[in-house]
Amino acid sequence: MSTYVYGDSRARHLKEHIPMAVSKLFPGKTIGQITDLASQQLPKSGKKLLYVVGGICNLTTKLNSDASSTYEEVVYQASPSVLFDYHFQMQSGKDLLAHKDCVPIYCTVPTMSLQSWNEIRLNQRKTSYLQFENNYPQMQEELNNTINLVNQKIVQFNNHNGYLTPNIHQCINKCKRGKYWYYYNRFVDGVHPEDSVVDIWAHQINSAIIENHKRLIRCENARHRYRQIFTNADNMNLKVRVSRR
């Protein structure tokens, strides 16, 4: 069995910490785009598990991303279909990768700081102005609430497929006594993790790789025993029928 870790730019420092997997980076891509690229690049032969590190590009919108524009801003735009859309991309990725004998396992989504990211981009002169600065507090709250719901869907999806979820969000989005706390200071720029967080994310993914490998082996052994039982039963029935003749 082969293991892969494909992700957006937030996964850029994970490669050296996950020696058991082949890692690739696709900055700015949604989970649907990542699994689409994986379906084009992965070999056909052999069982594979693909860990997808992404999701923030699904849940936020980059305004005026035209290279010729002097304006750029990442915002949250509420959509009533966001949970359906996210689940649809996960299921589509699973269906798409089936012909490569590959199962995608989606990591949970850590939140981001809209204010920190956009203000840093402004200071770096990547944008000439910010249009929605006054709306960041409300956008941030709505984004966080949406991410919490999406993460529940991710865990349910992976569980339904029989696999453990790498809960990489837990060191950023912490739930204590039913209330969420968000540690934006653990990002270097509001989006990308600092070194200590990279270590935690890598540990979560490595632990999931080991556990899911064990589950896959148990599942394959169970299937093998199941086939043996029915093959032996069919052979016994055949012998009985032949002897009666």
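Student: Why is Gln140 called buried?
Tutor: Gln140 has a relative accessible area of 11%. Buried means under 20%, exposed over 50% and partly exposed in between, with a 1.4 Å probe and protein chains only. The value for Gln140 is 11%, so Gln140 counts as buried. This is a predicted model, in which local features need pLDDT of at least 70 and side-chain atom pairs count only at pLDDT 80 or more, while totals for chains, interfaces and linings use all residues. Residues are numbered from 1 along each chain as its sequence is written, and side-chain values use heavy atoms, leaving out hydrogens and water.

Student: What does the side chain of Gln140 reach?
Tutor: It reaches the backbone oxygen of Met112 at 2.7 Å. A polar contact is a pair of N or O atoms within 3.5 Å; within protein, one must be able to donate a hydrogen and the other to accept it, and residues adjacent in sequence count only if both atoms are side-chain atoms. Gln140 is found in helix H5, and Met112 in the loop between S6 and helix H4 (114-123). Helices (H or I, at least four residues) and strands (E, at least two) are DSSP runs, numbered from the N terminus.

Student: Is Met112 buried or exposed?
Tutor: Met112 is buried, since its relative accessible area is 2%. Contact means heavy atoms within 4.5 Å. Apart from residues up to four places away in sequence, Met112 touches a number of residues, including Arg10, Trp117, Gln140 and Val191.

Student: What makes the pair of Tyr106 and Phe157 edge-to-face?
Tutor: Rings of Phe, Tyr and Trp (its six-membered ring) pair if their centres lie within 6.5 Å; planes under 30 degrees apart count as stacked, over 60 as edge-to-face and the rest as tilted. A search of the whole structure finds 7 aromatic pairs. In Tyr106 and Phe157 the ring centres are 5.7 Å apart and the planes stand at 70 degrees, so this pair is edge-to-face. Tyr106 lies in strand S6 and Phe157 in helix H5, so the pair ties together parts 51 residues apart in sequence. Both residues are buried, Tyr106 at 1% and Phe157 at 5%.

Student: Why is the pair of Tyr182 and Tyr184 called stacked?
Tutor: The angle between the planes is 15 degrees and the distance is 6.2 Å centre to centre. The angle is under 30 degrees and the distance within 6.5 Å, so the pair counts as stacked. Tyr182 is partly exposed at 21% relative accessibility, and Tyr184 is partly exposed at 26%.

Student: How do you know that the charged end of Arg186 sits over the ring of Tyr183?
Tutor: A charge sits over a ring if NZ of Lys or CZ of Arg is within 6 Å of the ring centre and within 35 degrees of the ring normal. The charged end of Arg186 is 5.2 Å from the ring centre of Tyr183.

Student: Which residues of H3 are buried?
Tutor: They are Val82, Tyr86, Met90, Gly93 and Leu97. They cover an arc of only 75 degrees around the axis, which puts them on the same side of H3. The arc is that of the directions from the helix axis to the C-beta atoms. The face turned away from the buried side of H3 carries the exposed residues Phe84 and Phe88.
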